[in-house]
Amino acid sequence: MLIIALIAVFCCVDFSSNTVPDTTLIYTRQLWNWFSVDNFTVPISLTLDGLSLIFLVLISFFGFLIYFFAACYLTLRNDIYTFYAYSNLLIASILTIILVDNLFVMLIGWEGISISTYLLIGIYYKQARNGYAAVKAFIIMHLTDIFLIIGIFLLYQTAETLSIGDILTRAHDNLAVDSDIIFWITLMLFLGAMSKSALFPMHSWFSETTLAPMPAVALMQSSTVIFAGVYLILRLSNLFMMSNDTLSIMTVISSLTVLFASSIALVQNDIKRIVTYINLAQISYLFYAFSCQNWNLSLNCLINYTVTSTLLIFASAILIRNCQGERNINRLGGLIKSFPKLYIIFLFIMLSLSAMPWISASFYIKGDIIWGLMAKERLMAGTIGLLGILLSSLSIWRLIFIVFHHKPKIFDFAKTKPISYYPIFILVVFTTAIFIYFPLPVQGIIPIAELETNGQPYFRLLLAAVILLSFLISYILYAHPNSEVQEVLKAPMFKFFLRLCNSDWHYNYLLHTLFVNPYIYLARLLKKDPLALWDDWIMRGIKKVNSFIVNLENGQIRWYLVSMVIGSIIILMLLIFI
């Protein structure tokens, strides 16, 4: 990973030194032709432009930090070897996706990510729960891969090519905006990207990653698997801009994901699950930016999400390690005196997740995304976006108050190597408002949108008010909860809400009721294949006829003569009367 990171740095230097203003710089390396059928040829070639360079830098930089953290965090030699082997396959798969210019070749990396996720979740495969979770993630990812393949078929039928550059050119020249074929193509591609991006209702594999080691969780949740679906939509952004209906569907799915994930994170007690659902809620803001057609802002949101989610996972991993593997926040407390450095790190994470006004980068990025929704007259989605920030802020404040401020409940701690904090210190800097907008070389690759600024300062004041409200609510609920607060929380409505969120909105129950149980019923019904039963009856009939014929061969000459005479008479009768 260090070598890949150095290569990415050299690529950036070479790219910047050869860039000419107002032009799009694209490097292409033709390797070989994979196969050819008639006039259809699939070449293996690598392409590097500004967009793929951004993803290359993100993958190499964060991948190196995660690999470095894993070397300090993992202790068993077998776990270290297994993690690096599976992670290398995952890194190779995502690099294949971002560096190829052919959708058919991209499928290799796409399926490689599914396999790598299955392997990483099932690292501790001897535990049945982990094996079940790995299989579940593998199946869910492949369910939406069907839609991606259908979208690729439709693209080839329409544009007669699978080269991404040629597809975008021909679609712009030959297809009408908001036409039926554009809608179905973009819808299929979006549905194909849903599982990799963990959007509701294809999110359940994301929660299963909690069974993997924390470095594997960081790799899957923040810097590889999520990139696949995001990159696909960004690369084909000119195609998605031609279908407003698909962008509207994207807005609805993102809103559902925000409500679902942020509400569940608010009531979880397992640190890993709190972190997972907080990250899941943050992914939705990426797709909010897509639905507003603010593609360059979505890249800044992606960078901010990757920094914050990786930082949150690293800090949680050290917290769990220091507490002897204890993950239930209700069994922890008073850790501010024992781990003040970790407490400060969580405060920086809180500033980023809650979009602290004028201090964190997420205040400007998320604020611009929600303001873009408001400007597009999507008031409901914008309101849900504000609610998502409120609930995420409450979730991280709840974790901080219970773990660091409440009465101490654990006194036996483990030691963590000081070197484990080095990646965290690097990431903390990038959460601040110093790094609001990076200079991204995407001119001419993705559409650059101009954000409406009329009324934006007033909206930022509203956003700041929402954030301050979250601080006030969290202090009342979690810092020093009194008897009145406890009585309110024991009200039937709140109890119903807690039960609903603790059960993940009964999503797994619905999944089993609608899909798993009918499948098991059909499997049991077809345990003995009806066609096989029909074949058995045919074979039994043949055996009966065969046994009757065999009995005729008794070795008696007179029986043979009588049979010949009877046969001759039958033949003569047929010749006379027919």
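1. A quick definition before anything else: a residue is buried at under 20% relative accessible area, exposed at over 50%, and partly exposed in between, using a 1.4 Å probe and protein chains only. At 11% relative accessibility, Lys136 therefore counts as buried.

2. Ground rules. This is a predicted model, where local features need pLDDT of at least 70 and side-chain atom pairs count only at pLDDT 80 or more, while totals for chains, interfaces and linings use all residues. Numbering runs from 1 along each chain as its sequence is written, and side-chain values use heavy atoms, with hydrogens and water left out.

3. The overall picture. The chain has 24 helices and two strands; these are DSSP runs (H or I, at least four residues, for helices; E, at least two, for strands), numbered from the N terminus. Its C-alpha trace spans about 110 × 60 × 50 Å along the principal axes. Of the 578 residues, 52% are buried. Taking contact as heavy atoms within 4.5 Å, residues 24 or more positions apart supply 80% of the contacts with a separation of 6 or more.

4. Back to Lys136. This residue sits in helix H5 (residues 128-159). What does Lys136 touch, leaving aside neighbours within four places in sequence? The list is Ser204, Glu208, Asn508 and Leu511. With Asn508 there is also a side-chain polar contact of 3.3 Å. (A polar contact is a pair of N or O atoms within 3.5 Å; within protein, one must be able to donate a hydrogen and the other to accept it, and residues adjacent in sequence count only if both atoms are side-chain atoms.)

5. The core. A nonpolar core here means buried Ala, Val, Leu, Ile, Met, Phe, Trp, Tyr and Cys residues joined through side-chain atoms within 4.5 Å. The largest one has 191 residues, and Phe55 and Phe346 have the most contacts inside it. Helix H14 (residues 295-322) gives the largest share of this core, 17 residues. Beyond four places in sequence, Phe346 touches Leu312, Ala315, Ser316, Leu319, Ile396, Leu399, Ile400 and Phe404.

6. Aromatics. There are 38 aromatic pairs, counted when ring centres of Phe, Tyr and Trp (its six-membered ring) lie within 6.5 Å; planes under 30 degrees apart are stacked, over 60 edge-to-face, and the rest tilted. Trp34 and Phe35 pair edge-to-face, at 5.3 Å centre to centre and 70° between planes. The rings of Phe64 and Phe68 are tilted, because their planes are at 45°, with centres 6.4 Å apart. Phe64 and Phe68 lie four residues apart in helix H2 (residues 50-73), so about one helical turn separates them. Trp34 is partly exposed at 39%, as is Phe35 at 28%. One aromatic cluster takes in Trp34, Phe35, Phe40, Phe104 and Tyr156.

7. Charges over rings. The test is NZ of Lys or CZ of Arg within 6 Å of the ring centre and within 35 degrees of the ring normal. Arg321 lies over the face of Tyr73 at 4.2 Å from the ring centre, and Lys341 over that of Tyr421 at 4.3 Å.
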